[in-house]
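Please keep the sequence and the model in view while working through the numbered points.

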Amino acid sequence: MNAGWILPFIILGGALQSCGAAMNGQLNKYVVNPWLASAISFALITFFFAGASLIHPSPLPTQRELAAMPWWAVVGGLVGAVQVYAGLTLVNKVGAGPFVGFTVTAALITSLLIDHFGWFRMQPHPLNAGRIIGGLLLVGGITLVARF
């Protein structure tokens with residue numbers, strides 16, 4: 001991907017995540033069963049990426065690359081499923097703004113810790129005053145969004 005598209009694509013992904021939470025809330029409202037609604041949501045994702053991999057079949061991992069992969073690397077999708085399930089069942093109760101605000105705030109604080117400690121084989125980026133203040137501003141912002 002061209003470097004000039006990286007930030008716009010990330011911003012688009014964040015905007016679409018907010019839409020996805022609201023869409024999943026409606027999916028759950030009409031399907032009624034949150035487990036079935038989650039399965040429907042992930043089935044569409046699976047078909048999309050399976051089709052994309054058929055269109056773009058390379059590169060493929062080598063056996064060596066697969067053997068070197070940490071066990072927890074494949075759990076990322078299941079971790080994402082927790083977020084989808086939360087959106088399905090909770091966004092209609094708290095509203096899209098607070099739901100996404102809490103999600104983003106929790107994600108940022110956790111990301112700061114991942115960066116600081118280098119968890120999941122990430123290159124460490126130590127906490128500093130600017131990063132801490134930024135996290136605190138998000139906490140203050142979600143407090144205002146949730147309260148009003």
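1. A residue is called buried when its relative accessible area is under 20%, exposed when it is over 50%, and partly exposed in between, with a 1.4 Å probe and protein chains only. Thr105, at 6% relative accessibility, therefore counts as buried. Leu138, at 30% relative accessibility, counts as partly exposed.

2. On the basis of the note: this is a predicted model, in which local features need pLDDT of at least 70 and side-chain atom pairs count only at pLDDT 80 or more, while totals for chains, interfaces and linings use all residues. Residues are numbered from 1 along each chain as its sequence is written, and side-chain values use heavy atoms, with hydrogens and water left out.

3. Overall architecture. The chain contains six helices and zero strands; helices (H or I, at least four residues) and strands (E, at least two) are DSSP runs, numbered from the N terminus. The pattern along the sequence is α-α-α-α-α-α. A box of roughly 50 × 45 × 30 Å, taken along the principal axes, is filled by the C-alpha atoms of the chain. Of its 148 residues, 18% count as buried. A contact means heavy atoms within 4.5 Å. Among the contacts in the chain with a separation of 6 or more, 61% are accounted for by residues 24 or more positions apart.

4. Thr105 and Leu138. Thr105 belongs to helix H5 (residues 96-117), and Leu138 to helix H6 (residues 129-147). How far apart are Leu138 and Thr105 in sequence and in space? They are separated by 33 residues in sequence and by 5.8 Å from C-alpha to C-alpha. When residues up to four places away in sequence are not counted, Thr105 touches Leu138, Val139 and Ile142. By that rule, Leu138 touches Thr105 and Leu108.

5. Helix H1. This helix spans residues 6-31 and has 26 residues. From its first C-alpha to its last, H1 reaches 35 Å, close to the 38 Å expected at 1.5 Å a residue; the expected span is 1.5 Å times one less than the number of residues. Ala21, Asn24, Gly25 and Asn28 are buried in H1. The buried residues of H1 pack against H2, H4 and H5.

6. H1 is followed by Val32, which is placed in the loop between H1 and H2. The phi of Val32 is near 80 degrees, a positive value in a residue other than glycine. With a relative accessible area of 62%, Val32 is exposed.

7. Helix H2. Residues 34-55 form H2, whose 22 residues reach 32 Å from first C-alpha to last, close to the 32 Å expected. Pro34, Ala37, Ser38 and Ser41 are buried in H2. Seen down the axis of H2, its buried residues fall within an arc of 105 degrees, so they line one face of the helix; the arc is that of the directions from the helix axis to the C-beta atoms. As background, an α-helix has 3.6 residues a turn, so residues three or four places apart point the same way. Trp35, Thr46, Phe47 and Leu54, on the other side of H2, are exposed. The cover over the buried residues of H2 includes helix H1 and helix H4 (76-94). At the N-terminal end, Asn33 caps H2, with a side-chain oxygen 2.8 Å from the backbone nitrogen of Trp35.

8. Two further loop features. The peptide bond from Ser58 to Pro59 is cis, with omega near 5 degrees, and Pro59 is placed in the loop between H2 and helix H3 (63-68). Arg121, in the loop between H5 and H6, has a positive phi of about 60 degrees although it is not a glycine. Arg121 is exposed, with a relative accessible area of 62%.

9. Lining of the largest pocket. Which helix supplies the largest share of the lining of the largest pocket? That share, seven residues, comes from H1. At least two residues of the lining are supplied by each of H1, H2, H4 and H5.

Terms used. Polar contact = N/O pair within 3.5 Å; in protein donor to acceptor, adjacent residues only side chain to side chain.
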